[in-house]
Structure formats: C-alpha cells, structure tokens
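Here is a short briefing to read beside the structure. Keep the sequence and the 3D view open as you go.

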Amino acid sequence: MTSKGQDRILDFAAAGMWWEITKSTADTGGEFFEATNIVAPGFAGPPLHIHPHAEESYHVLEGTLDVCVGGEWRQLGPGDSATVPAGTAHTLKNPHPGEVRLHNVHKPALAFERFFRRMHALVVDGKLTLPPKNFGSLVHISMLFVEHENEIKSAKPPHAVMRALAFIGRLLGYKLPS
C-alpha cells in the first residue's frame, strides 16, 4: 500500500474498529466524508450522540449491525441501510459473533475527517482508550467533542458534562493534536 493509502487508514483496533477513508473531505469538495468501517464482534459503540448540522448514513456490506436512531434499535444486514437526520440521537454496536463491514457517510463533510484523524492520533499516542477507561481518556474525548461541537455532541452523557471535563482538562494542561 502506498503512503497515500496508509494515510487513509484509521486503525482503532483496540476499540474494535478499523476504517479506510474512501472519499476524503478534499475528494468531495466538502460535500461528504466517506469511510469503509470494519467493526469487530462485541464492539460496544460510541456514546449516544447527535450531529447538529449533518446527516450520517450506514450501508452494511457484510455482517449484522445494530443501530439506534431516535431511540429505536434495529438490525441491519448485508444490503440494508439507515440514514440519521441531522440533530437525531444515534449510536451503533455489534453484539454479534461476526465482524461487520459497512460504508459510513457524513454529509456535509464539515470537519468530520479532522475530528476522526485527531481521535486516531490520540489513540495511537496512548492518550485515549475507546471506550474511555481512565480520567485522561475522558478528558481527551471530552475536549475533542467540545472542539468539534459543530460536528458532534454527546447526548448521553450530556454534552454539558463533556464541556465541564474539557474545561478541567484545559486547566490541567491537557492538549489535543492539531
């Protein structure tokens, strides 16, 4: 794989997911950001969250994915899709025995790519576990969500909790990658 290809890989293996950016923000002129995601069996998923100004969609290629959109859980199998309107609380998980392969799109792209690349850098540097398992990880993910609240806001825990943790983190000198 070329170094350009390597630049498109976001390996969150310790958390149970691996991504390949298939259409970057630059590729689409900001219209959308797309990645192929591999989700391991037992992946607990991100916290319940919203994207205030963008829709997110999932299209399952292989496996079974559980998605929650607006409080309703459903299973998606190969060929199934789900679209989450902007401002709608959602999450996903893979409690099934096999891995899931899916296309994931955020539209418009906004700064989602930068958000995910910064999250990846924190994981690679050992400053963030997914899910967060220590105070430093809680602070870093909170700071990341707060700096990207145009793209993502936590619904559970409430975004106000993340704002408070981010404030404490800044007071303690925590930094995010650029």
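How many aromatic pairs are there? The count comes to seven aromatic pairs. Bear in mind that this is a predicted model.

**Aromatic rings**

- The ring centres of Phe-115 and Phe-145 are 5.7 Å apart, and their planes stand at 75°. An angle over 60 degrees counts as edge-to-face, so this pair is edge-to-face.
- Phe-115 sits in helix H2 and Phe-145 in helix H3, so the pair ties together parts that are 30 residues apart in sequence.
- Phe-115 and Phe-145 are both buried.
- One aromatic cluster is formed by Phe-12, Trp-19, Phe-33, Phe-112, Phe-115, Phe-116 and Phe-145.

**Nonpolar core**

- The largest nonpolar core has 39 residues, and Tyr-58 and Met-119 touch the most other members.
- Helix H3 (residues 135-147) supplies the largest share of this core, with six residues.
- Leaving out residues up to four places away in sequence, Met-119 touches Phe-12, Leu-128, Leu-130, Ile-141 and Leu-144.

**Largest pocket**

- The volume of the largest pocket is about 620 Å³.
- The lining has 37 residues, and those closest to the pocket centre are Met-17, Phe-43, Gly-45, Pro-46 and Pro-47.
- Strands S2 (17-23), S3 (33-39), S5 (55-62) and S10 (100-107) are among the elements that give two or more residues to this lining. So are helices H2 (112-124), H3 and H4 (159-171).
- H3 gives the most to the lining, with four residues.
- By class, the lining holds 27 nonpolar, nine polar and one charged residues.

**His-148**

- His-148 lies in the loop between H3 and strand S11 (153-156).
- The relative accessible area of His-148 is 2%. Buried means under 20%, so His-148 is buried.
- Contacts of His-148 are Ala-111, Arg-114, Phe-115 and Arg-118, not counting residues up to four places away in sequence.

**Asn-37**

- Asn-37 is placed in strand S3.
- Asn-37 also counts as buried, because its relative accessibility is 6%.
- Beyond residues up to four places away in sequence, Asn-37 touches Trp-18, Trp-19, Val-100, Arg-101, Leu-102 and Asn-104.
- Asn-37 and Ala-13 are 24 residues apart in sequence, and their C-alpha atoms are 11 Å apart in space.

Methods. Residues numbered from 1 in each chain as written. Predicted model: local features only at pLDDT ≥ 70, side-chain atom pairs only at ≥ 80, totals over all residues. Heavy atoms only, no water. Core = buried A, V, L, I, M, F, W, Y, C linked by side-chain atoms within 4.5 Å. Buried < 20%, exposed > 50% of the residue type's maximum accessible area, 1.4 Å probe, protein only. Contact = heavy atoms within 4.5 Å. 1 Å grid on protein atoms, 1.4 Å probe; cavity = no way out; pocket = protein on both sides within 12 Å on 5 of 7 lines; lining within 4 Å. Points joined across faces, edges and corners; volume = space filled by probe spheres on them. Nonpolar A, V, L, I, M, F, W, Y, C, P; charged D, E, K, R; others polar. Phe/Tyr/Trp six-rings, centres within 6.5 Å; stacked < 30°, edge-to-face > 60°.
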